[in-house]
Amino acid sequence: MSNRRKFLRDGGLAAAGFLISQPLLFARESAPKTRRLTILHTNDVHSRLEPFPMDGGSNAGRGGVAARAAVIKRIRQQEEHVLLLDAGDIFQGTPYFNIFKGEPEIRAMSLMGYDAGVMGNHDFDAGIDNFASQLAAHASFPMIMCNYDFTGTSMEHLHSPYQIIRKGDLRIGITGVGIELEGLVPEHLYGKTRYLDPIVQANRQAWILKKKKNCDMVICLSHLGDAYKDNKVSDEVMAKESEHIDLILGGHTHRFFDAPRVYNNKTGNQVIVNQVGWAGLRLGRLDYSLEATGKKDLQRSETITIGKIIGD
Amino acid sequence: MGAAAGFFLIFFGVTSPSRIFYAQNMKQTLRNALALILVAAIWVSCHPRYRQQSMQYGGYNISKVVPDSMVSGFLEPYARKVGETMNDVIAELGEPLQKKLPDGTLGNFLADSYLAMARVKFDSSAQMAFLNNGGIRLNSIQAGPLRRGTIYEVMPFDNLMVILKIKGDRLLDYLHHVASEGGGGIAGVQMTIRDKKATGVLIGGEPLDLAAIYTMVNSDYTVNGGGYSGFKALPARQTGYLLRDATIDYCLRFKAAGTSIKTSSEKRIKNVQ
């Protein structure tokens, strides 16, 4: 190849590339450089619709959907882009569930404007058909599950493996994983549901969300549990073996994290894991700044205790 | 942006470094180098970096909030119905109950209620009752009037009472499982956990006989393989009686007798390192 032809080729490609990139560069300049996203999350609320009773116990007066709704409303007034997510075990734990089988729990979440949820093992407690019918009748938010094969069950058309939520010009990809049901949930309650490897499934959804759907951020809602002493799959294991997940919001183990945990994923990038105990005693808050380059900063994390404490 | 990045990756590939650095024509080298710098600059600016660079932790923020009136209003009719059935006092609790490992007064109270009601209703020879620690869903119950709803909260699951006949050697295997879990609610049995194994087992105050047949009260959840798979083949009597109802009935018997509930605080399971 002559030098001249080579110059034309290389230079031409460079010029073409420069021209193609220009509108993108200009578009980026006109858009705000950094966007702020506030992520609020709960897990293992376990039918705790009312605050704990004022019986002198350590949680007396804490929790409850009315107080949580007020906190969420106030944050939505202060922040432009707010996501509200739940990591499973909505059901079971107070007489509300024994009497109403989950109707007020799902209705309350719809009223509070939850953006998405994932199923916990106790959400099967009144049977998969009950969960499906409560969802169909009362949920205004999607149920996201990528590792339960619901083929032939009542949940088949009531879940999706991922969801993209738009906040302004941000595209937030959400996927969700549930725990192995065999040995944990009586078989007649989950029926034909088949458990699939959560790491394989979540990595696949995250890849789709980042690479195909151009999401700015990928969140995995998880009911696997934060970490175990044996090699059982957990949020910790998933974080280390993931590639495109930025944040895992966990549950199941009822762990009150002092601060979000940070792990390195397969490619050495950081994954954040958080969990906020149980019973709606606390609301997790993570404030991210997302730059147009794709860089994400978790600028602030806060754990908000809901409701009164004795002596207030 | 993705398409542009892809384009530049292809471009980057055809502008191989070896051609640039070993070119004899200096002008060509310069042109190529400029092209490379331009490409690199655009590539770096487009390439997403997902690394979180900083993080600040907030402390706990105790919120004093006025409950949302719309949500309170929505909950009100449900709360009224719950109150109608759940607020009645079913007994007087003489002392607070605590969930603890290896054993605690709350787990022991529940196990006592299962054993007592199994003897009254189904099998007077029942010797022992168990419940797994994870199945105890409140950490404590305060002393004083005990409401029906509290029993629903401590045992929300619709688990049913099962009565099993079990040989001593298989019972010991189950007790090792209980020990490996760190303990749990227990009635009729005393034991010591050493190296995650059950030792010094006493059944009704007598040393365990590996050849004897014992009568055990447990939940259908555990018997059907919840957390332990050793019961599946054993002869089991399905009572159809909710464990929660066993506890409520047990409480009502104290109320009828006009006495408050006291759970013996004797250690049923001990830990030895």
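In this predicted model, helix α2 of chain A, residues 65-78, packs against helix α4 of chain A, residues 103-112, at an angle of about 15° and with the two axes 10 Å apart. Because angles under 35 degrees count as roughly parallel, α2(A) is roughly parallel to α4(A). The crossing of these two helices is right-handed. On the α2(A) side, the contact is formed by A:Val65, A:Arg68, A:Ala69 and A:Ile72, and on the α4(A) side by A:Ala108, A:Leu111 and A:Met112. Classified by residue type, the contact of α2(A) with α4(A) consists of six nonpolar residues and one charged residue, with no polar residues.

The crossing of α2(A) and α4(B) is right-handed. A:Val65, A:Ala66 and A:Ala69 of α2(A) meet B:Val71, B:Ser72 and B:Leu75 of α4(B). This contact of α2(A) with α4(B) comprises five nonpolar residues and one polar residue, and no charged residues.

Attention now turns to the nonpolar core. Which residues have the most contacts inside the largest nonpolar core? They are A:Leu221, B:Tyr114, B:Met128 and B:Val217, in a core of 136 residues. Helix α5 of chain B, residues 105-121, gives the most to this core, contributing eight residues. A:Leu221 can be followed in detail. Leaving aside residues up to four places away in sequence, A:Leu221 touches A:Leu85, A:Ala87, A:Ala116, A:Gly117, A:Val118, A:Ile144, A:Ile174, A:Gly176 and A:Leu249.

Chain B may finally be considered as a whole. It contains nine helices and 14 strands. Of the 273 residues in chain B, 37% are buried. Among the contacts in chain B with a separation of 6 or more, 77% are between residues 24 or more positions apart.

Technical notes
Residues numbered from 1 in each chain as written. Chains lettered and ligands numbered in written order. Predicted model: local features only at pLDDT ≥ 70, side-chain atom pairs only at ≥ 80, totals over all residues. Core = buried A, V, L, I, M, F, W, Y, C linked by C-beta atoms within 7 Å. Buried ≥ 20, exposed ≤ 12 C-beta atoms within 10 Å, placed from the backbone. Helix = DSSP H or I, 4+ residues; strand = E, 2+ residues; numbered from the N terminus. Contact = placed C-beta atoms within 7 Å. Axes fitted to C-alpha atoms, helices over the stretch in contact; angles between N-to-C directions. Parallel < 35°, antiparallel > 145°, perpendicular 65-115°, else oblique. Left-handed = near helix turned anticlockwise from the far one by under 90°. Nonpolar A, V, L, I, M, F, W, Y, C, P; charged D, E, K, R; others polar.
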